[in-house]
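Reader: I would like to learn how to read a structure like this one. Please take me through it feature by feature.

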Amino acid sequence: MRFPADQPAGDDPGGRGRGPLDSARPATKDLVAALRAVLDAVRDVGSPLGAHGGRWVSEDGPADRVTFEIAGPGAEFDADRRAAGAVVEKLTRQHPGARVDQAGDSSLASAAPPTARVS
């Protein structure tokens, strides 16, 4: 996610290997909470809110990265992907000033986990 210039970047933008960002942006907090709420569909959520959170923030500070893996095998994958997509869509409506870019789809699922970049 990329944030407007007036939105705080957190305690340690771009910091590597440091603790979680105590003042992380509201859009990032909301996205992480919503993804964790759909545990049947999503697993392995990574974000600036966890241990060593600084590695999930862009070098210059205006963007956070939130990564997650779609949980379901086989036929459940599509339903789980739609559930995660609905979370991201809801977030973009709740935080219109944040730009959300997504990377990853079923064709890339075996190569890299889906990510949502919050800026």
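Reader: Is arginine 25 buried or exposed?

Author: This is a predicted model, and what follows should be read with that in mind. Burial is judged from relative accessible area, and the cut-off for buried is under 20%. Arginine 25 has a relative accessible area of 1%, so this residue is buried. Arginine 25 sits in the segment before α1.

Reader: How far apart in space are arginine 25 and aspartate 64?

Author: Their C-alpha atoms are 8.7 Å apart, although the two residues are 39 residues apart in sequence. Aspartate 64 belongs to strand β2, residues 64-70. Aspartate 64 is buried as well, because its relative accessible area is 2%. A further pair involves glycine 53, eleven residues from aspartate 64 in sequence and 9.6 Å from it in space, C-alpha to C-alpha.

Reader: How is the packing of two helices described?

Author: In general, one gives the angle between the two axes and the distance between the axes. Here helix α1, residues 26-37, packs with helix α2, residues 75-94, at an angle of about 155°, and the axes are 10 Å apart. Angles over 145 degrees count as roughly antiparallel, so α1 and α2 are roughly antiparallel to each other. The crossing of α1 past α2 is right-handed.

Reader: Which residues of α1 and α2 meet?

Author: From α1 there are Ala27, Asp30, Leu31, Ala34 and Leu35; from α2 there are Val87, Val88, Leu91 and Gln94. By class, the residues of this contact are seven nonpolar, one polar and one charged.

Reader: Where does alanine 79 lie, and is alanine 79 buried, exposed or partly exposed?

Author: Alanine 79 is in helix α2. With a relative accessible area of 36%, alanine 79 is partly exposed.

Reader: What about isoleucine 70: buried or exposed?

Author: Isoleucine 70 is in strand β2, the strand that also holds aspartate 64. Isoleucine 70 counts as buried because its relative accessibility is 8%. Leucine 39 is 31 residues from isoleucine 70 in sequence, and their C-alpha atoms are 9.7 Å apart.

Reader: What is the phi of aspartate 44?

Author: Phi of aspartate 44 is near 55°, which is a positive value in a residue other than glycine. The residue is in strand β1, residues 42-46. Aspartate 44 counts as exposed, because its relative accessibility is 56%.

Reader: How many of the residues of the chain count as buried?

Author: The figure is 40% of the 119 residues. Among contacts between residues at least 6 apart in sequence, 66% join residues at least 24 apart.

Reader: Where in the chain is confidence lowest, and where is it highest?

Author: Strand β4, residues 115-118, has the lowest confidence, at a mean of 68, and α1 has the highest, at 92. For the chain, pLDDT averages 75, and 68% of the residues score at least 70.

Reader: Over which residues does pLDDT stay under 50?

Author: Over residues 4-23. The model has 48 contacts beyond four places in sequence for those residues. Where pLDDT is low, the predicted coordinates should not be read in detail.

Definitions and conventions: Residues are numbered from 1 along each chain as its sequence is written. This is a predicted model: local features need pLDDT of at least 70, side-chain atom pairs count only at pLDDT 80 or more; totals for chains, interfaces and linings use all residues. Side-chain values use heavy atoms; hydrogens and water are left out. Axes are lines fitted to C-alpha atoms, for helices over the stretch in contact, and angles run from 0 to 180 degrees between N-to-C directions. Helices (H or I, at least four residues) and strands (E, at least two) are DSSP runs, numbered from the N terminus. Angles under 35 degrees count as roughly parallel, over 145 as roughly antiparallel, 65 to 115 as roughly perpendicular and the rest as oblique. A crossing is left-handed if the near helix is turned anticlockwise from the far one by less than a right angle, and right-handed if clockwise. Contact means heavy atoms within 4.5 Å. Ala, Val, Leu, Ile, Met, Phe, Trp, Tyr, Cys and Pro count as nonpolar, Asp, Glu, Lys and Arg as charged, and the others, Gly among them, as polar. Buried means under 20% relative accessible area, exposed over 50%, partly exposed in between (1.4 Å probe, protein chains only). pLDDT is the predictor's confidence in each residue, from 0 to 100.
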